[in-house]
Amino acid sequence: ADVAATRFNGTVETNVSNNRDPFVAQVFSSGAECLRVAVISQGSDLEATLVSPSGRVWQDDDSNGLNRPLINAITDVRGWYPVVLSHFAGSSVNADFTIDITRLPSTSCSPATTPRIFVAPAPKASKGTAAPMLGGAN
């Protein structure tokens, strides 16, 4: 069975105070499925970012042809995923766009967009404080 995309229009803009305002929406995923974010038309060269509640980040600038973003994210957890559209270089723009959001089986996520996973560094011992000994009492 075909799965219908949800299509909507939006705007990325720079306001009178020179604030750069990306478009932001949240999309639900049940996890372990393909969440497809496809820009269909755009008034400027945009970049799409999708953020998992777990911290994974998917980004794309040009994979949908004609400088349009396409993200095929195999989601990792159930929850709400912010979708952000902004100018690919962070420039000041006023640009309308049309986007399709589709939830598909994970097997339909081809080619899958590789997420970036951020890992917090281990805390460092303070100066003058002995680092804890592993495997025994301090």
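**View 1. Strands S5 and S6 pair in the antiparallel sense.** In this predicted model, strand S5, made of residues 46-51, is joined to S6 by four bridges, where strands are DSSP runs of E of at least two residues, numbered from the N terminus, and two strands count as paired if DSSP finds at least two bridges between them. Leu 50 stands opposite Trp 58 in S6. Five residues lie between the two strands of this hairpin, and Gly 55 there takes a positive phi near 105°. Residues are numbered from 1 along each chain as its sequence is written. Local features need pLDDT of at least 70 and side-chain atom pairs count only at pLDDT 80 or more, while totals for chains, interfaces and linings use all residues, and side-chain values use heavy atoms, with hydrogens and water left out.

**View 2. An open sheet of four strands holds S5 and S6 together with S3 and S8.** The order across this sheet is S3-S8-S5-S6, and the pairing is antiparallel. Strand S3 (23-29) and strand S6 (57-60) are the edges, and because each has a single partner strand, one side of each is left without a neighbour in the sheet. From one strand to the next the twist averages 20°, with axes taken as lines fitted to C-alpha atoms and angles running from 0 to 180 degrees between N-to-C directions.

**View 3. A second open sheet is formed by five strands in the order S2-S1-S9-S4-S7.** Its pairing is antiparallel, and its edge strands, S2 (20-21) and S7, each pair on one side only. Strand S1 (residues 6-14) and S2 are joined over two bridges in the antiparallel sense, and Glu 13 stands opposite Asp 21 in S2.

**View 4. The largest nonpolar core has 20 residues.** The members that touch the most other members are Val 12, Val 37, Leu 50, Ile 71, Leu 85, Phe 97 and Ile 99. At least two residues of this core come from each of S3, S4 (33-42), S5, S7 (70-74), S8 (79-87) and S9 (95-105), and S9 supplies the largest share, four residues. Leaving aside residues up to four places away in sequence, Phe 97 touches several others, among them Phe 8, Val 12, Phe 23, Leu 46 and Leu 85, where contact means heavy atoms within 4.5 Å.

**View 5. Ala 32 and Leu 66 have positive phi values although neither is a glycine.** Ala 32, found in the loop between S3 and S4, has a phi of about 55°, and at 58% relative accessibility Ala 32 counts as exposed, a term that means over 50%, with partly exposed covering the range between buried and exposed. Leu 66 lies in the loop between S6 and S7, its phi is near 50°, and at 75% relative accessibility Leu 66 also counts as exposed.

**View 6. The peptide bond from Ser 110 to Pro 111 is cis.** Omega of this bond is near -5°, and Pro 111 has its place in the segment after S9.

Conventions: A nonpolar core is a set of buried Ala, Val, Leu, Ile, Met, Phe, Trp, Tyr and Cys residues joined through side-chain atoms within 4.5 Å. Buried means under 20% relative accessible area, exposed over 50%, partly exposed in between (1.4 Å probe, protein chains only).
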